[in-house]
Each structure stands twice: as structure tokens, then as C-alpha cells.
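Subject: Structure handover and notes

Dear colleague,

I am passing on the structure below, followed by my notes on what was found in it. Please read the notes alongside the coordinates.

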Amino acid sequence: MTPRCAAALAGALVLGACNDPAIPSRLGVNPFADTVIIAADTTVTLFRWPATRLPVRFWADPRGNMRFLVERAVAVWQYQFLYGELRGVVVSDSTAADVLVRWRDSVPPDVPPDTIPAPNSCGGITTFDYDSSGLALAGPVHISLTVLTGGSPASPGQLQACMRRVSIHELGHSLGLLRHSLFDGDIMYGSPIADYPSVYDRRTVEMLYHSQPTVQPPPQ
Amino acid sequence: MLDGRTAGRAGVTALLVACLGLIAIPSDPLSAQVSVHVAAGVRYSSALVHDSVVTPFDLKPTLAPALLVSVRDGLRPGWSADVTLDVAPSGLRRQETGGSFDVGSFTAIAVTVGLRRHFGAGASARVGVGGLRYAASQSGVFREGSGGIIPLGTVAATYALPLSFARRRQMEIEARYDVHQFITPALRTEGFRSGRPVHRMAILLRIGWGGGTTP
């Protein structure tokens with residue numbers, strides 16, 4: 001009786017755990033992972049940091065709270081990945097960095113962010129330097145964040161909130177999300193009003209980091 | 001309402017409780033002899049996650065050390081029961097076409113209760129059940145936590161080495177298999193609806209103290 005009982009139990013344990021779960025469908029990927037170079041050969045440019053180049057090394061302008069903004073943005077993007085596809089680190093030596101993040105002109109005050117949005121109070125730009133072949137980067141990616149002065153004046157808190165959004169947005173470009181989303185709920189929308197990446201941002205960067213790149217990173 | 005999987009799990013649990021109830025009450029409680037055993041070895045684990053984003057890939061633990069501590073109590077002749085703590089630190093790798101990449105680490109901690117049947121010539125077999133918890137930093141599949149304690153079933157075959165020094169140390173070699181279903185809150189958020197069965201196999205060398213001769 002007892003051996004039979006034990007054998008039945010063992011059998012039940014094994015048989016009860018044999019079903020593989022279905023792989024989830026991943027709908028809703030925005031087509032902004034790549035940028036198409038409109039050339040005669042219709043080359044598709046797709047860039048991402050390969051696993052062999054992780055962690056991506058970010059250098060932050062030492063002025064103001066740039067280091068905080070970059071560390072926060074790196075953490076936000078890392079959090080989007082389930083399977084360790086991206087790791088980033090902030091380094092203090094700009095000559096050993098893959099991505100350089102600077103203030104373009106004035107340094108905004110480091111104050112708590114204001115929840116009332118002023119989306120166009122700041123901006124950013126990310127620049128890639130391609131080598132002559134166009135199939136590899138020649139040097140580090142450059143990001144500059146800037147205080148915009150043309151529109152309605154923003155409070156220091158509104159400016160800080162804007163910088164938090166834009167730093168995530170620009171780091172998204174540096175990871176390979178080269179295009180803008182058409183949807184304002186996405187952090188990769190042209191003038192971001194979302195505070196964090198949406199599910200569509202996440203699905204898109206996830207797909208990018210499982211795709212075959214056509215552009216290689218710069219030499220180390 | 002119970003779904004099929006929950007009902008199946010409840011059935012296994014009920015079967016185990018019934019088995020334990022039949023056996024775990026010793027015919028003569030005073031004859032019980034407690035011994036402590038420590039085992040160390042190496043463990044292989046099947047993939048925790050199989051997924052596909054553009055191309056298929058697996059998230060798989062590395063071959064890892066395993067350390068077990070058991071308290072064993074002799075029951076009726078030929079039977080013993082034990083409580084075992086099983087700790088296994090492991091690396092985690094993403095295996096996909098074109099390579100295998102380090103994506104972190106975790107420690108799997110399991111506590112099981114088991115029944116062991118002792119046969120002749122130093123051989124014994126164990127069946128057990130318990131709970132397993134993954135301890136890991138909050139990133140990747142563990143970014144929303146580990147999901148708590150996961151039910152675990154285990155079977156093992158043990159052989160006591162027939163050498164004099166080995167007998168003095170109660171030295172045994174054990175092949176251990178266990179199975180559990182792996183899923184985390186982050187995987188549920190991603191769209192996985194059920195856990196993936198994870199099969200683990202370990203080869204262990206065990207030594208023991210106390211308990212006198214093997215019952």
C-alpha cells in the first residue's frame with residue numbers, strides 16, 4: 001500500500017508539470033525602432049548596442065543634476081527589459097564612454113519636479129556619427145539637453161519635470177530608438193508628455209534588442 | 001471554481017497528505033532516531049522561461065552548486081522521514097541563436113518534507129514535497145518580485161557507500177530530481193498565463209551525524 005502510494009505521488013508530480021505555457025503575443029510595436037535611409041539601395045539602418053558591448057557606458061555632464069537624470073533614465077530603460085538585454089552604467093571618464101550627455105547651454109536648477117506640465121520648456125538632441133561606410137558608428141553618441149526660452153515661461157519645477165521626460169526620451173534614441181512615435185502616450189513621442197515609457201515603447205525596444213543590427217557600435 | 005491546473009495541484013497535495021498520514025506516525029515513537037545530514041553537489045536545471053521575440057530564446061540557470069541540510073527521523077522499520085533545506089545559488093543566462101549571455105543570478109531556496117524507503121544493500125528512495133522560493137535582485141524577470149513560494153515535488157535515489165570509513169560518516173551518494181512551475185509577476189505582466197515546468201537534477205554526496213544505524 002505504502003510503496004504504491006509513494007509511486008502514485010511521484011507520478012502525479014511529474015505528470016502534473018509537463019505543460020509548456022504559450023508564448024504571449026506581442027501586439028502594438030510601433031515602427032520607430034529603425035530609421036530608413038532613403039537611398040537607391042533602400043538600406044535599412046538598425047542600430048542597437050550588442051550584448052558583447054554591455055554595459056553601455058554613459059558619461060554625464062558634472063554640472064547641475066545631470067548625473068541624477070542620466071542614472072534615472074538608464075534605470076528606467078533597463079527596467080523595460082525582461083531578459084537582461086540592456087545594462088547601462090554611468091562612468092566618470094568621458095573618454096571611456098559610449099554616450100556623452102551634456103547641457104547645451106544653461107544649467108536648470110535642481111528642484112523637485114512640478115506636476116503641472118509644461119512640455120515644451122526643454123528639449124534635447126541626439127547625434128550619431130557614422131563612419132564613411134555608414135555601417136558603423138565612428139565615435140560616441142552625443143546627447144545635449146537644453147532649456148527652451150521661446151514659449152511661455154516655465155517654473156523651475158516644471159523645467160525639472162520636463163528634463164526628466166526628455167532625458168529618458170533622448171537616452172531612448174541613444175539605445176537605437178531612432179524615430180519618434182506618433183502617439184503622445186509614448187515617451188518616444190516627438191514632444192514627450194508621458195513621464196515613463198509606455199507598453200508600446202517597451203515592446204518596441206524589446207523587439208529592437210532581439211533584431212539583427214545593420215549598424216555596428218563605435219570601436220572601443 | 002477551480003481550474004484544471006489548480007484542481008490537479010490540490011489533488012497532488014491531498015495525495016501527499018494522505019501518504020504522510022499513513023506513514024509518518026511511527027508505530028513506536030520512542031524508537032525514532034534523529035540524524036542530521038549535509039549534502040553537497042552539482043545541479044542542472046532546465047530553462048525557466050522559453051520565449052520568442054523575433055527569434056526564440058531560453059532563460060536558463062547555469063550548472064550550479066547545491067547544498068542541502070536534512071534532519072532525518074527513523075520511523076517504522078525500513079522507513080524514515082526528513083525535513084530538508086536545499087540552497088542552490090546559480091547564474092542565469094539567455095540562450096539564443098548566436099550566443100549565450102549572462103543576465104544575472106539568483107538563489108533557489110527550497111524546504112521539503114520527505115519519506116524515505118530503505119531497501120537492502122544501502123539503497124533507498126525518497127519522495128518529497130515542499131516549497132521553493134527564488135531570491136534575486138529586482139531586475140529582469142524578477143523586477144516585480146519572485147512571486148512567492150512555489151510548490152515543489154521531488155524524488156531521489158540514494159546509495160550508502162559500502163566502505164568502512166563511509167559507513168562511519170554515513171556517507172551516501174544521491175541522485176535527486178525535482179520539478180516545479182516557474183512564473184513571476186513580471187512574466188504575468190508580459191502575458192504569460194501559466195508557469196513553465198522546471199526540471200532540476202542533482203548529484204550529491206551526503207554525510208550524516210547521529211541516528212545510530214540506518215533503520
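Residues are numbered from 1 along each chain as its sequence is written, while chains are lettered from A and ligands numbered from 1 in the order in which they are written. This is a predicted model, in which local features need pLDDT of at least 70 and side-chain atom pairs count only at pLDDT 80 or more, whereas totals for chains, interfaces and linings use all residues.

Confidence in chain A

Within chain A, strand 3 (residues 56–60) has the highest confidence, with a mean of 98, and strand 1 (residues 35–36) the lowest, with a mean of 46. Over residues 34–39 of chain A the pLDDT stays under 50, and the model has 10 contacts beyond four places in sequence for them, a contact being two residues whose C-beta atoms, placed from the backbone, lie within 7 Å. Where pLDDT is low, the predicted coordinates should not be read in detail.

Helix 3 of chain A

Helix 3 of chain A covers residues 156–175, and its 20 residues reach 28 Å from the first C-alpha to the last, close to the 28 Å expected at 1.5 Å a residue, where the expected span is 1.5 Å times one less than the number of residues. Of those 20 residues, 18 are buried, and the helix is thus described as mostly covered; a residue is buried if 20 or more other C-beta atoms, placed from the backbone, lie within 10 Å of its own, exposed if 12 or fewer, and partly exposed in between. His173(A) is found in this helix and counts as buried because it has 21 C-beta neighbours inside 10 Å. Leaving aside neighbours within four places in sequence, His173(A) is in contact with Thr126(A) and Leu178(A).

Chain B: elements and pairing

Chain B holds 3 helices and 10 strands, which run α-β-β-β-β-β-β-β-β-α-β-α-β from the N terminus on. Of its 215 residues, 37% count as buried. Strand 1 (residues 34–45) and strand 4 (residues 64–74) of chain B pair in the antiparallel sense over 10 bridges, pairing being called where DSSP finds at least two bridges between two strands; here Val42(B) stands opposite Pro65(B). Strand 4 also pairs in the antiparallel sense with strand 5 (residues 79–96) of chain B, over 8 bridges, and Leu67(B) has Val87(B) in strand 5 as its bridge partner. Strands 4 and 5 of chain B form a hairpin with 4 residues between them, and Gly78(B) in the turn has a positive phi of about 90°.

Backbone points to check

Most residues other than glycine have a negative phi, and most peptide bonds are trans. The peptide bond from Leu54(A) to Pro55(A), however, is cis, with omega near 0°, and Pro55(A) lies in the loop between strand 2 (44–45) and strand 3 of chain A. Val54(B), which is not a glycine, has a positive phi of about 70°, and counts as partly exposed because it has 15 C-beta neighbours inside 10 Å. Ala121(B) also has a positive phi, near 60°, and with 7 C-beta neighbours inside 10 Å it counts as exposed.

Best regards

Technical notes
pLDDT is the predictor's confidence in each residue, from 0 to 100. Helices (H or I, at least four residues) and strands (E, at least two) are DSSP runs, numbered from the N terminus.
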